[in-house]
Amino acid sequence: MSQSHPRISKAVIPAAGLGTRFLPATKATPKEMLPVVDKPAIQYVVEEAVAAGLDDVLMVTGRNKRPLEDHFDRNYELESALEKKGDAERLAKVQESSDLATMHYVRQGDPKGLGHAVLCAAPHVGDEPFAVLLGDDLIDPRDPLLKRMIEVQAQYGGSVIALTEVAPEQIHLYGCAAVETTEDADVVRVGGLVEKPEPADAPSNLAVIGRYVLDPAVFGILRETEPGRGGEIQLTDALQKLAADESIGGPVHGVVFKGRRYDTGDRGDYLRAIVRLACEREDLGPDFRTWLRRYVTEEMQRS
């Protein structure tokens, strides 16, 4: 039976990482500001939150992350210059990022892991469910994952995590969920979570990806969670406790996502994401695809 649960209005975006896999580009530029075609990766994430109805966005940042705040703020000098030039198209693009959402910022003083970053959001979130979006996973707006997760949370309460099927030999790169089926084909009940298991020990081939809708009870668990893998406070450990004891914060469900997802977490996938998105752009796609076909053909002939 459908139940009524508190409406979700706030999104939390952890963005305090050092981006070491992209050095030296990230020595002075936050990883989240690296362009994916012509927008920084972080803007895609904020746009996703807003499209799902969450226009109150808290970004958890760290040192050297000031460009994130600047990007979502007004730039009056640039806007004035574009207005004087009569460049309405670029002016609209510049203003778009500052008009997207009500943005808030909090610093994660010490890099103690994703669980600690989420805990930094507790004063802002308060006692209500909220969404967490990780910037390495870009979800195609034509496949609205977060909106579906919010619907599932409204139906069942508790927390909801995003899952995707991966090849067994890849499961050691992810958190992995032990699940039971439900009446909905794309929804599973999560009974447990294992962080980066060996393939032989994995309870399924369902990997956790970077979208969560969390009950505020997670904050109490995170405050008591000891550092785990890598000496960091792991969000997976807190979710495991929620899944094991429904009385703490309700059940944990998963939405099995089969849509388009662009992984910008490492250099190779970042480049592939740019190519895929550029190919699908109406303004760039036709010429870019023509060049790409020619380039691939030439490379094949050389080999």
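**Close-ups of salt bridges and a helix pair**

At 14% relative accessibility, Lys10 counts as buried (under 20% relative accessible area; exposed is over 50%, partly exposed in between, with a 1.4 Å probe and protein chains only). We're looking at a predicted model, where local features need pLDDT of at least 70, side-chain atom pairs count only at pLDDT 80 or more, and totals for chains, interfaces and linings use all residues. Residues are numbered from 1 along each chain as its sequence is written, and side-chain values use heavy atoms, leaving out hydrogens and water.

**View 1. Lys10 pairs with Glu128 in a salt bridge.** The N to O distance is 3.9 Å (the cut-off: a side-chain nitrogen of Lys or Arg within 4 Å of a carboxyl oxygen of Asp or Glu). The partners sit 118 residues apart, Lys10 in strand S1 and Glu128 in the loop between helix H6 and strand S6 (DSSP runs numbered from the N terminus: helices are H or I, at least four residues; strands are E, at least two). Glu128 is partly exposed, at 22%.

View 2. Arg66 is exposed at 53%, while Asp70 is partly exposed at 42%.

**View 3. Asp186 meets Arg148 in a salt bridge.** Their closest N and O atoms are 2.9 Å apart. Asp186 is in the loop between strands S9 and S10 and Arg148 in helix H7, so the pair ties together parts 38 residues apart in sequence.

View 4. Across the whole structure, a search turns up 21 salt bridges.
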